[in-house]
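Biologist: I'm new to this one. Please put it on screen and walk me through it.

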Amino acid sequence: RYIIQVLMSESSPPPPKDVGTKPLPDFSSHSHNKQHEPLHERTSSDLSDLVLLELDRNDDDEQVEIVVNEDVTENTELPISTLVVVTDTEKVGGEEHTNIGDVSLADIDFSLDAGSFQVHDWNGLDGYSDYIAQGLKYKGMENTNIVMLFESPSSSTAESSFHNKSKFKFHDWPPPKSTKAKGVLGPCRYASMNGSSFPVFLRDGTPPAGLVEHWAASIPDYTPANYVNKITGQETVYAYLPVEQIQHHLNDPDIHYHLAGKDTIHMMTQKTTKLLPDTFTIRPCVVKTTHSMGSKGIFIIQNDDDEAEFAKFLEDSGHPTFVIVEFVDIARNVACHFFMHPDGSITWLGSNENHRMADGSFSSDSYLLMEHQTTLKEMQLPFVEEVTKYCHGLGFWGFCGIDVLFDSNGKGHLVDINPRVTGSCPALMTLKKLQQAYDFSVGLFRRSGDITFYGTTQQLFERVAAFNEEKEGKMRIIIHSVFPSPDKETCRINIGVYGNSLAECKEVLNQYAQPSVKKE
């Protein structure tokens with residue numbers, strides 16, 4: 001059995017060789033040439049670089065013999081934070097006392113045998129805070145004072161509600177155009193399905209006028225949430241992502257940050273895209289900053305112009321860490337959402353898919369189809385199981401979402417893990433409620449791209465109420481969140497249209513959520 005230690009602390013000295021992604025060199029001293037000097041290079045590590053202690057257990061007398069014992073503290077500092085991975089000798093493909101120097105880290109099977117994997121379906125009633133309350137009860141922590149924080153921190157601007165300046169840095173460059181909108185649209189979307197067990201943090205203390213009344217009138221079995229606009233330090237926070245200023249996180253923030261990294265995916269599963277050593281050897285390839293937010297920090301490198309664009313981004317954004325992976329010719333782009341209970345089981349919340357448009361690109365709209373839910377669940381559960389076992393092994397529990405790309409041969413590649421409530425989840429839960437009430441079977445949800453309503457929030461809610469009344473039992477519009485523009489003449493919206501015809505839903509969606517027009 002090997003005990004492998006991977007250094008995680010920025011204040012610690014680096015290990016002998018790179019164990020993951022390494023900081024970018026200074027691009028100002030490089031120039032692109034015909035030889036394609038490998039600027040963006042990721043060197044591999046072999047097991048001998050990482051082994052601290054090798055233990056050999058005698059099956060007869062259960063005595064443990066120390067086979068290798070190196071003094072790792074000599075002439076160095078102990079790291080503040082570490083990740084410890086333990087694996088059996090057999091999992092590196094060797095026998096007892098195998099020559100570990102010949103084994104690559106990529107050859108190790110990190111899978112855990114945690115027994116049967118239990119999957120429960122959402123009951124159509126419990127909200128996000130209700131599941132947190134259930135987890136706390138299981139852990140004997142019923143009296144914990146919890147605040148649900150659905151707003152993401154920013155490392156690119158101090159104007160956000162939560163600024164991760166020196167710790168838990170997320171790569172959200174360039175800064176959002178409006179931190180106020182960021183503090184309303186996402187948090188309110190999740191608040192619609194929060195339940196009442198614990199309050200939701202909102203910067204302004206309450207959702208925009210008319211939004212809660214709209215939810216109550218439009219979402220079947222809607223449960224109002226409570227709201228707070230302060231986190232004093234006395235509360236324990238269920239955080240969307242770890243926040244530097246928060247004193248008490250429900251989950252260990254260092255583990256949470258580790259799980260949110262793109263460089264962690266390859267530690268969870270082998271069913272993912274292959275890591276590449278650089279951006280020149282194989283093209284096209286995909287480069288992702290390790291803690292990118294949304295679609296920021298992701299580049300497809302096909303030629304030297306793409307390489308130069310990526311280099312400029314890295315220089316502007318402070319040279320964040322990154323991974324380079326193979327490009328996948330996507331046939332299907334699917335995502336799923338689930339809750340990981342402290343006992344290692346999950347509650348399945350649903351799946352959505354992004355469909356390919358006529359020009360070959362994928363729509364940013366989330367397609368919600370009840371007839372595909374069983375198939376999508378079966379397609380994604382093998383990936384979910386590995387992710388859940390890894391998270392459970394580190395003591396992390398809560399909401400999670402994953403993205404899986406399937407190629408033309410039907411092979412799936414896990415490309416993103418979000419250890420938090422994920423964007424389309426409230427819309428999926430809404431559709432299930434509408435299916436139970438009206439037998440609706442489809443929905444389209446839009447939260448990015450064309451999300452401008454031309455009119456005031458009052459006009460929006462009046463128009464939606466009239467539509468829903470006219471189409472009662474046939475179609476329904478849900479405004480999941482709204483943010484009025486400074487001039488009050490337009491508003492940004494997160495909107496879902498639900499019914500039994502995708503074409504009809506798309507037509508209505510385009511009438512309400514349109515492209516923004518820049519004023520001259």
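Modeller: Let's start at R203. With 27% relative accessibility, R203 counts as partly exposed. Buried means under 20% relative accessible area, exposed means over 50%, and partly exposed lies in between, using a 1.4 Å probe and protein chains only. This is a predicted model, so local features need pLDDT of at least 70, side-chain atom pairs count only at pLDDT 80 or more, and totals for chains, interfaces and linings use all residues. Residues are numbered from 1 along each chain as its sequence is written, and side-chain values use heavy atoms, with hydrogens and water left out.

Biologist: Which residue forms a salt bridge with R203?

Modeller: E151 does, and the closest N and O atoms are 4.0 Å apart. A salt bridge here is a side-chain nitrogen of Lys or Arg within 4 Å of a carboxyl oxygen of Asp or Glu. The pair links distant parts of the chain, 52 residues apart. E151 is in the loop between β6 (146-149) and α2 (179-191), while R203 is in the loop between β7 (200-201) and α3 (211-218). Helices (H or I, at least four residues) and strands (E, at least two) are DSSP runs numbered from the N terminus.

Biologist: Is E151 buried or exposed?

Modeller: E151 is buried, at 1% relative accessibility.

Biologist: How many salt bridges does the count come to?

Modeller: The count comes to 11. One of them joins R332 and E353, with the closest N and O atoms 2.8 Å apart. R332 belongs to strand β13 (residues 330-340), and E353 to strand β14 (residues 346-354). The two are 21 residues apart. R332 is partly exposed at 28%, whereas E353 is buried at 8%.

Biologist: What about E385 and K389? How far apart are they along helix α7?

Modeller: They sit 4 residues apart in helix α7 (residues 373-393), so about one helical turn separates them. E385 is partly exposed at 26%. K389 counts as buried at 17%.

Biologist: Which residues are linked in a network of salt bridges?

Modeller: R283, D304 and E307 are.

Biologist: New topic. How many cavities of 30 Å³ or more are there?

Modeller: There are 5. A cavity is a set of points on a 1 Å grid over the protein atoms alone where a 1.4 Å probe fits but cannot get out, and lining residues have an atom within 4 Å of a point. Grid points join across faces, edges and corners, and the volume is the space filled by probe spheres set on the points. The largest cavity has about 80 Å³. It has 13 lining residues, and L125, S192, M193, T223 and K433 are the closest to its centre.

Biologist: Last stop, T289. Where is T289 found?

Modeller: T289 is in strand β10 (residues 285-289), and T289 is buried at 0% relative accessibility. Its side chain makes a polar contact with the side chain of H171 at 3.3 Å. A polar contact is a pair of N or O atoms within 3.5 Å; within protein, one must be able to donate a hydrogen and the other to accept it, and residues adjacent in sequence count only if both atoms are side-chain atoms. P320 is 31 residues away along the chain, yet the C-alpha atoms of T289 and P320 are separated by 6.4 Å.

Methods
1 Å grid on protein atoms, 1.4 Å probe; cavity = no way out; pocket = protein on both sides within 12 Å on 5 of 7 lines; lining within 4 Å.
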